[in-house]
Amino acid sequence: MSSAQLEIQLIASLVAVACAIPGTFLVLRKMAMISDAISHSILPGIVLGFFITQDLNSPLLILFAALTGVVTVVMVEFIQKTGLVKEDTAIGLVFPALFSIGVILIAKNANDVHLDIDAVLLGELAFAPFDRLLIGDLDLGPKSLWVIGSILVVTVILLLLFFKELKLSTFDKGLAATLGFSPIVLHYGLMTISSVTVVGAFDAVGAVLVVALMIAPAATAYLLTNDLKKMLILSCIFGVFSAVGGYWMANYLDASIAGSMTTILGIVFLLVYLFAPNQGVFSVMFKERKQRIEVSLLVFLLHLQNHQEIEERHVSHLEDHINWEKIQAKTVLDLALKNNLITITDSIVSLTEKGEEFTEEALKYITTNKETAIEELKKRFFLFRA
Amino acid sequence: MSITEYFNLVFSDYTLRTITLGTAVLGAVCGMLGSFAVLRKQSLLGDAISHAALPGIALAFILTGVKDSNLLLIGALISGLIGTFWIKSIVKKTRLKNDTALGLILSLFFGFGMLLLTFIQKMPNANQAGLDKYLFGQAATLVESDVWVMTAVTSVSLIVLLLFWKELKVLLFDPDYTETLGFNTRFLDILITVFIVLAIVLGLQTVGVVLMSAMLLAPAAAARQWTDSLGVMIFIAAIFGALSGVFGTAISASQDNLSTGPVIVLVAAVFVLFSFIFSPGRGLLFRQIRFHQNRKELNLKKTLTFMYRIVKDHDNISHPHAIKILNNFHGFTKKSLKQLEKQHFIQLKGNEWAMTEKGFHEAAKMYNEIGNTNE
């Protein structure tokens, strides 16, 4: 691995972490699309800043562009306040207009601006190691490493300083305000940090993919944990993993690094989306199936308790009487047998003593409308769950 | 180039005519279907769909190896639909909220699409690909057959709109009620979503992935300001959309180095800005004017009631009083007194004023109203 390769991976990882931190809060505050708006609308700011400074990594340009980001937020909020359109429409109206201005500015000055549309959308991570910070003859490493590094340091310091304020205002705005933390200051602070991060990352990964780095790790982490700290750590890990994995994938495919990073993020999200323990699609499906079977079992037991007649308790009768399909009937019967709630003699089903007891109690719970207690009841009686 | 020259060119020049027609039709269909997106609070769905269409375009090219715009659009349509339904399932199945789902699908699909695009660029037949144009759109590549496809889609969606008009309308304003009426809301929802995706995909070639959402939103948001009726709104949105297309094309054609997509979006943005400010019913300007008028009227009423309190203890209500005694009350100006005189509520004579019969009745009415509401 050459030092340039190492540097690219380092820059990508730093960008990912710097994006993941504000991204986590944006996702939790239901403001994820604001990052999309900011990442597009800073374009005119970057172009104008570039006219002034002639250097994509100058701090002045970053400040200028970040200001455009904050202005976007203010504009969106102003339009929302007028009540002329619904909230999300305001976002959708502001950023394409600003982005168009940026694109036109670039196109009109294509000859004297070293800034092209592809770079805007994709970033130029592969070239980042060539633009080096030199002091005298001393080579201090790539400029963008310093830029994103300082943004990350500031972000982390602010995060540590205001962690509890941010946490509180994210989950309970009202309480935060009553306790004297200004939600407005925190809101605009977060917006400013997001804008600065987007600008810093813009150079490396481009306009649209910044959004991926902000939202995807946080959203993935949110499916795995309920703890804010864990969520922050997990999203940083996902970010770094996608940065390093994405680099090598791009290396192998000879394709865009930023594109590969997002693809890795996408794969990670897909896996978590499908297989996450509590929130994943399969887990939810499994839970729903379990609940369905157990409810059926309860209905079945109540049916048995109600009917002493033999013909009502015949195995084959279940299918047409309670309208169950064969497979479901078998699953329910098996579960009941396994839990020792019923006995089957000559295809006639009858409740065991334990079954009687369970049904009695279940009935009591249902008639007294305390259905939540049923779960505890199941725990006491069931050896096996569906 | 003067306007008349440009007009002649639109009718004589094949390319310009095709582009103008194409962008106009596109604007119209986007305005029409965008109205539904805006009213259903799905404004940003368009943004997500258009980005999600990119990998479909790239994959269609990789799989078939030919650059037939209709084939690529089918790829875009499929991947746009996958994106849309994935968003819906994320929102339904997990704890992630709508905005996160939108941002996720938007950026992840787009990133994957960009990966495929850079991958295609390295392929041997890359130079004939030219798929970059789908990023920002290139209206110049429109040909007559594209316009025909657009017109066909517009007509079909118009027919479907008319067929399902009342169902869609009631779905728009009260989905629960629609369900209780026995309509299949799922079907209606999918129907309108598919048409929105279709409109977006059609626009990709002209306006591009990145800016397509504005085409959908802007005309509808502008039209919303002028009316409260759905039918009228759709009609106005279609006109705004078409005009944005025509003007945008004209502006970008008259200058060098101006891509059509961004210009069309900016023209549409101007329509929105204009509507926000100048629409008579909801516009900011008239709202401000009404606000001032209300305040002025309130001041007049306050002055009149103050006078009433002075006058009502006198036997003769029209007994003249000095203006000076109003000084305790700060709500009046010379202008407001003149105004009151104009409405024949009082008569001014030099430094004195006298209440008229009409003014007395008016003030008494107001005074009693205030008293009643206070109780």
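I began at Thr170(A), which touches Phe25(A), Leu28(A) and Arg29(A) when residues up to four places away in sequence are not counted, contact meaning heavy atoms within 4.5 Å. The model is a predicted one, in which local features need pLDDT of at least 70 and side-chain atom pairs count only at pLDDT 80 or more, while totals for chains, interfaces and linings use all residues. Side-chain values use heavy atoms, with hydrogens and water left out.

I then placed Thr170(A) in helix α7 (residues 163–171) of chain A; helices (H or I, at least four residues) and strands (E, at least two) are DSSP runs, numbered from the N terminus. I looked up its accessibility and noted that Thr170(A) is buried, with a relative accessible area of 12%, where buried means under 20% relative accessible area, exposed over 50% and partly exposed in between, with a 1.4 Å probe and protein chains only. The side chains of Thr170(A) and Arg29(A) are joined by a polar contact of 3.2 Å, that is, a pair of N or O atoms within 3.5 Å, of which, within protein, one must be able to donate a hydrogen and the other to accept it, and residues adjacent in sequence count only if both atoms are side-chain atoms.

Next I turned to helix α17 (residues 374–381) of chain A, whose buried residues are Ile374(A), Leu377(A), Lys378(A) and Phe381(A). Seen down the axis of α17(A), these residues fall within an arc of 100°, so they line one face of the helix; the arc is that of the directions from the helix axis to the C-beta atoms. An α-helix has 3.6 residues a turn, so residues three or four places apart point the same way. I found that the buried residues of α17(A) pack against α13 (281–306) and α16 (353–367) of chain A.

In chain A I also looked at strands β3 (residues 342–345) and β4 (residues 348–351), which pair in the antiparallel sense over four bridges; two strands pair if DSSP finds at least two bridges between them. Thr343(A) stands opposite Ser350(A) in β4(A), and in this hairpin, with two residues between the strands, Asp346(A) takes a positive phi near 50°.

In chain B I noted an open sheet of three strands in the order β1-β3-β2, with antiparallel pairing. There β1 (321–322) and β2 (346–349) stand at the edges, each with a single partner strand, so one side of each is left without a neighbour in the sheet. Gln347(B) stands opposite Ala354(B) in β3(B).

Key. Residues numbered from 1 in each chain as written. Chains lettered and ligands numbered in written order.
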